[in-house]
Amino acid sequence: MHLRDDITIGRAERALAERIVPAVHGPAVALRVSWHELPGEPVAPAVAIAADHSPFETGAEWGRAWGTTWFRFEGRVPPEWAERPVEALIDLGFTAALPGFQCEGLAYTADGRAIKSLNPRNQWVRVSDLADEDGGVEFFVEAASNPVLLQDLRFEKTFQGDIRTASDRDLYRLRRADLAVFNQDVFDLAMDLDVLLGLQRELPEGPRRARILQALDDAIDAVDLQDVAGTAAAARGPLRAVLAAPAEHSAHRISAIGHAHIDSAWLWPIRETVRKVARTVASMLDLLDQGDDFVYGMSSAQQYAWIRDSHPDLWQRLKGAVASGRFVPLGGMWVESDTVMPSGESLVRQFLYGQRFFEDEFGLRAEGVWLPDTFGYSPALPQLIRRAGFEWFFTQKLSWNQTNLFPHHTFVWHGIDGSGILTHFPPMDTYAAELTAEELARASRTFRENRVVAGSIAPTGFGDGGGGATREMLARAARTADLEGSPRVAWERPDDYFAALAGIHDRLPTWDGELYLELHRGTLTSQHAMKQGNRRVEQLLVEAELWSATSTVRLGTPYPYDEIDALWQTVLLHQFHDILPGTSIAWVHREARETYGRLEREARVLIERAQGDLAGAGDAELTFNGSAFDVQGVASGGAALLEAAGVGTVEIRETGRGWILRNDLVEVEVTADGLIPSAVDLATGREAIFPGRAANVLHIHQDFPNQWDAWDVDPFYRNTRRDVTDATSSSVTARGERGEITVERAISETSSVVQHLSLAWGTRELVIEQSTEWHETEKVLKLSFPLNVRAEHTSAETQFGYVTRPTHANTSWDDARFETSMHRFVHVAEGEFGVAVTNDSSYGFDALRIRSENNWGIDLRPSLLRAPQYPDPETDQGTHSHRFGLVIGVGLDEATRYGARANAQGGSVRGAAASVDPLVVVAGSGIAVSSVKLAADRSGDLIIRAHEYLGCRTTGELRISEPVASIQEVSLLEDALEEPVVWDGSLAFDLGAFGVRTWRVILDRPGRE
């Protein structure tokens, strides 16, 4: 007979799918089902289990969107199944979508102990150990009827993403509820065939592939397809030799780590994530009990805290698994946050709170930062990672790049200060591997450091919505541990993988600067309320710490540790990479808006209380300055009575087309439509606005990306543009030291803006305060500042410094950066003349070269609002406020100061004191204080952090206005880096370019030993 490979493969595939896999479980016995549908939000398991349950028929519908239904399953194991593994098979109505994106459940014993999860790839519960002496079985399932919101990458408008707008019809049908014997021999045969069929697809023609195909033929010959259970053991015989053949000596090594990247919110609300984490943890603890070598890793201290607070039984089992080294806390962060938009202090707190939790609860710290799915990585990160004590960094997200293939998998990443961190991208290009032969072969084939590195990491398990690894994945790992033609797979902690690279850092490639994701650029703009709330509360918390620390040290008032910790942890949760970026369902963002409002109120209470204590009782109005820089004569970190003496009057002159505002530094022309055709630096006579153009023009573009609506802005959005220039009304107001022009413009029949353009005495900043009524669909709104500056690059603020990017598009890498990030300012310069645009709540911008016959300049365009339809069809609808500043004739130093002042919260308090001196003063060029607080260990020590923001080496001097015993440099986690030194009135120090340093100050207090 002539042998044909395709016939062998087809035969084995069909037999596996249609006869062998269905025979993994033998004949079934139906379970009795009863149910209790909750009328509202989830309740404690004990409450639900004790509730009345009504009879329910298998095949009936259940589950309104976002509802919770408790099923009770009862049955009896037949006597002839005694001593055999028996499983309950429960199909809640699963669809073809992946686990975590549809209905799911968590099984409980009758006494309320969590067993394991149920999802489309995990539809079984082992009940052998649950049966009583007579074989009776009873267990409960908390079933969540979460709607399917993403299937086949179709980004369709839906109102199912909020419980308030979701449909009330039942979404699912209970398809199966049976008891059946689990046949280990059949399962093993199925996994043998699965692995070998996958392997032969990846092998070239040759002896190895031929022998696998012959073994497959022989195995199928040996199995009786009408008695699979009875013949499975014998059918495995022909496969033993090909499965026992060892891997090549140089085979790629896969360090597999069980994983379930669980989004702390996304297509489900935070309350549902709490349950997703519990489901996944329960299943992974169950798997750990089944496999001696399986290792599971989970990131995000917040998710561990949810387990601790909601599932004491799982928490104790989890702690035991962590102690044994098989359940691995990863990442050392509070959540897997966005890293582009949070402030430097926020990233420090992600590490501080994350690592403190792991240390307090488990007695350990994570050794690396684990961020597989965040949308790009700030160039400030390497320094912060190293200064927080981490040794490595892991992600895979840049494999999603639209344009350029990232050139490395294992490399040293250098940040803006020069710090380097060992970094790994898995060549499987996924954080949810299933250990298929295709994935293993891809890793081996595409790994770019094969010359010097022996292997790569494989995060293994269903992710995003949870699920984790499965017994099928463990079976694949066992068979590919040492298999000819395949990489070697071993369960291994990521720390061990990186430790093996310790001696070859100098042989690895390097990457300098930001890890820019060439995708998901719209996340810098979507859901403006997230950006505004985050920016505002970040600053308020830094100021709350400053004033509370000053009050505690000066007056002995209690420091609000608990309140500050709770506020920070909530802010950090909302910096998760689908909340702050604005890519979650409506429910998530509705709750987040409410949360930001509460956080702001509570932070202001702390600030006002501390400021009131410092000011004392009286009627003098003290202005507090929480900015890192002096403002109007008020020192940073201090308070004073503002003096009006010496302030001039802003000149307002009417012209034929509008008005001219002039102070002592700049002159700005504003038309009756609110456009800015001229902005002149009076000292040099230099015009900042490009000839023939005007600033403050609103640009509106069609914004309908190819996919990932809330995430993406695709380059073709620039092909169409409409300029909003005509005002419906305008007026001017003279306020002595400030001149103000008010303009109203209609964007469309339903959308409009009101702008207040103002210029004060003694400033180079024309302030634009804008209120937008936004009711557009699939549009993006930008604000244009065409500048008469031939800038080769932009300088945009990032954490503790700035990042420069070319304004040309010479390479595909440059061209792909058509929408980039900033924090509080972006600056361009030509020689000594520079212009900055400041903002209070925007992160995305683009910089376009504009040209005339003999000149070119830069159009800086902050992105204000978007209106995608998925996943939240009401994204950005409603009223929004923005503040922008056009800062004329400034360098980077002044740009930084203007940006900081624009975002400082400050405040005035009536009191008796004439002034409040700063607790901490730092002198030195390019140095700013970013944090003054009390130590996280509640020792009462003072923590001070300073950074260099101009990109130059510098020296500085630190002074403290209260008695000090000693001072020592510490890490971002506030660990000692050196022995304390006796305080000598001040501290001289140096800082490298964009360097960050932190000190612990031991105060000299009565009674201190």
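**A walk through strands, salt bridges and cavities**

Strands β18 and β19 form a hairpin with 5 residues between them. Glycine 418 sits in the turn and has a positive phi of about 100 degrees. Strands here are DSSP runs (E, at least two residues), numbered from the N terminus. This is a predicted model, in which local features need pLDDT of at least 70 and side-chain atom pairs count only at pLDDT 80 or more, while totals for chains, interfaces and linings use all residues. Residues are numbered from 1 along each chain as its sequence is written, and side-chain values use heavy atoms, with hydrogens and water left out.

β18 covers residues 410-414, and β19 covers residues 420-424. The two pair in the antiparallel sense over 5 bridges. Two strands count as paired if DSSP finds at least two bridges between them. Phenylalanine 411 stands opposite threonine 423 in β19. β18 also has 3 bridges to β22, and these two strands run parallel. There, histidine 414 has aspartate 512 of β22 as its bridge partner. How enclosed is β18? Of its 5 residues, 4 are buried, so the strand is largely enclosed by the rest of the structure. Buried means under 20% relative accessible area, exposed means over 50%, and partly exposed lies in between (1.4 Å probe, protein chains only).

Now step back to the sheet. It is open and has 5 strands, in the order β16-β17-β19-β18-β22, with mixed pairing. Which strands stand at the edges? They are β16 (368-370) and β22 (510-512). Each has a single partner strand, so one side of each is left without a neighbour in the sheet. Glycine 368 stands opposite tryptophan 392 in β17. On average, neighbouring strands of this sheet are turned by 30 degrees against each other, direction ignored. For such angles, axes are lines fitted to C-alpha atoms, for helices over the stretch in contact, and angles run from 0 to 180 degrees between N-to-C directions.

Next, look at β6. In a regular strand the side chains alternate between the two faces of the sheet. In β6, Val86, Ala88 and Ile90 lie on one side, and Glu87, Leu89 and Asp91 on the other. Both faces are covered, with these residues all buried. β6 pairs with β12 (residues 176-182) in the antiparallel sense over 6 bridges. Glutamate 87 has alanine 180 as its bridge partner in β12. β6 also pairs with β9, again antiparallel, over 3 bridges. Here alanine 88 stands opposite valine 125.

Glutamate 87 leads on to the salt bridges. Side chains of opposite charge can pair when their charged atoms come close. A salt bridge here is a side-chain nitrogen of Lys or Arg within 4 Å of a carboxyl oxygen of Asp or Glu. Glutamate 87 forms one with arginine 126, with the closest N and O atoms 2.9 Å apart. The pair links β9 (residues 124-126) to β6 (residues 86-91), 39 residues apart. Glutamate 87 is buried at 0% relative accessible area, whereas arginine 126 is partly exposed at 32%.

Arginine 64 and glutamate 37 meet in a salt bridge at 3.6 Å, N to O. Arginine 64 lies in β4 (residues 61-64) and glutamate 37 in β2 (residues 32-37), so the pair ties together parts that are 27 residues apart in sequence. Arginine 64 is partly exposed at 34%, and glutamate 37 is partly exposed at 27%. Arginine 997 and glutamate 969 meet at 2.6 Å, N to O. They link β54 (residues 996-1003) to β51 (residues 964-970), 28 residues apart. Arginine 997 is buried at 17%, and glutamate 969 is buried at 10%. The whole structure holds 74 salt bridges. Some join up: Glu41, Glu104, Glu142, Arg271, Glu272, Arg275, Lys276 and Arg279 are linked in a network.

A cavity is a set of points on a 1 Å grid over the protein atoms alone, where a 1.4 Å probe fits but cannot get out. The structure holds 7 cavities of 30 Å³ or more. A volume is the space filled by probe spheres set on the points, and grid points are joined across faces, edges and corners. Lining residues have an atom within 4 Å of a point. Of the 23 residues that line the largest cavity, Val340, Phe375, Tyr516, Leu524 and Ser821 are the closest to its centre.

How values were computed
On a 1 Å grid over the protein atoms alone, a cavity is a set of points where a 1.4 Å probe fits but cannot get out, and a pocket is an open set with protein on both sides within 12 Å along at least five of seven lines; lining residues have an atom within 4 Å of a point.
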